[in-house]
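Have a look at the structure first, and then we can walk through a helix, some rings and some charges.

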Amino acid sequence: MTQLVRVQNFNVSSDGIGAGADEDQSLESPFGLPGAERLFGWAGATASWPMRTDPGGSRGLDDHFTRDWARNIGAEIMGRNKFGPQRGPWQDDEWRGWWGDEPPFGTPVFVMTHHTRPSFTLSDTTFHFVDGDPAAVLGQALAAAQGKDVRLGGGVTTIREFLDADLVDTMHVAVSPVTFGSGVRLWESPDELLDRFHLEVVPSPSGVTHHLFWRK
């Protein structure tokens, strides 16, 4: 089967915002948005949330999408802003991501950056720092995925770059009923993508609306 490039469980507000401006991101505010947890609280409430440390959690539609996040994924691509808040040349190699000693990925992860650094491994995740255009980085990720799909993890700017290069096959975006007014937008309206994608919109009892795109 053909390998797919998939956006999974990406979160935006009702006005299309998924992150704050670069200057607003920090160690204390990874998304650079006040109250960013309102975007992904639906996933954290599910039984299958990978960072859950207590029993319980919801089942149903939201839980299905949480479980689907890792299905048949062999590699991930992310932008540098998702990996950490640093900008410019690396001052040192001590920063190893937001996720501690056991990142949730379990695959090779390709971090797009103009400032490369040596690869390193934490648990079953290896981070590679690559400088290239979307097509070149995708080629590396597809090879590393060994026949499985590649997840495009974000952030917003990285997903837009891959959409602009027409390299995204499927996309799941969870739209939360909150507005931020300013920030980095995935879209002004999801209808912008209908020239290239089919779209199905599925509301959830949690209040989020799941937008499912697949290539025409």
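The model is predicted, so local features need pLDDT of at least 70 and side-chain atom pairs count only at pLDDT 80 or more, while totals for chains, interfaces and linings use all residues. Residues are numbered from 1 along each chain as its sequence is written, and side-chain values use heavy atoms, with hydrogens and water left out. Helices (H or I, at least four residues) and strands (E, at least two) are DSSP runs, numbered from the N terminus.

**Helix α4**

- Helix α4 covers residues 134–145, and its twelve residues should span 16 Å at 1.5 Å a residue; the end C-alpha atoms are 16 Å apart, which agrees. The expected span is 1.5 Å times one less than the number of residues.
- The buried residues in α4 are Pro134, Val137, Leu138, Ala141 and Ala145. They cover an arc of only 100° around the axis, which puts them on the same side of α4. That arc is taken from the directions from the helix axis to the C-beta atoms.
- Buried means under 20% relative accessible area, exposed means over 50%, and partly exposed is in between (1.4 Å probe, protein chains only).
- The packing partners of these buried residues are β1 (5–13), β3 (73–79), β4 (108–112), β6 (125–130), β7 (149–154) and α5 (156–164). Contact here means heavy atoms within 4.5 Å.

**Aromatic rings**

- A search of the whole structure gives 16 aromatic pairs. Rings of Phe, Tyr and Trp (its six-membered ring) pair if their centres lie within 6.5 Å; planes under 30 degrees apart are stacked, over 60 edge-to-face, and the rest tilted.
- Trp90 and Phe129 make an edge-to-face pair, 5.9 Å centre to centre with 75° between the planes. Trp90 lies in the loop between α3 (80–83) and β4, and Phe129 in strand β6, so this pair ties together parts that are 39 residues apart in sequence. Trp90 and Phe129 are both buried.
- Trp99 and Phe105 also pair edge-to-face, at 4.9 Å centre to centre and 85° between the planes. Trp99 counts as partly exposed at 22% relative accessibility, whereas Phe105 is buried at 8%.
- Ring pairs join Trp69, Phe83, Trp90, Trp99, Phe105, Phe120, Phe127 and Phe129 into a cluster.

**Charges over rings**

- Arg80 places its charged end over the ring of Trp90, 3.9 Å from the centre. Such a charge is NZ of Lys or CZ of Arg within 6 Å of the ring centre and within 35 degrees of the ring normal.
- Arg151 lies over the face of Trp69, 3.6 Å from the ring centre.

**Salt bridges**

- The whole structure holds 15 salt bridges, each a side-chain nitrogen of Lys or Arg within 4 Å of a carboxyl oxygen of Asp or Glu.
- Arg151 also meets Glu76 in a salt bridge (2.6 Å, N to O). The two sit in distant parts of the chain, Arg151 in strand β7 and Glu76 in strand β3, 75 residues apart. Both Arg151 and Glu76 are buried.
- Asp164 counts as exposed at 60% relative accessibility.
- A network of salt bridges links Asp166, Asp169, Asp195, Arg196 and Arg215.
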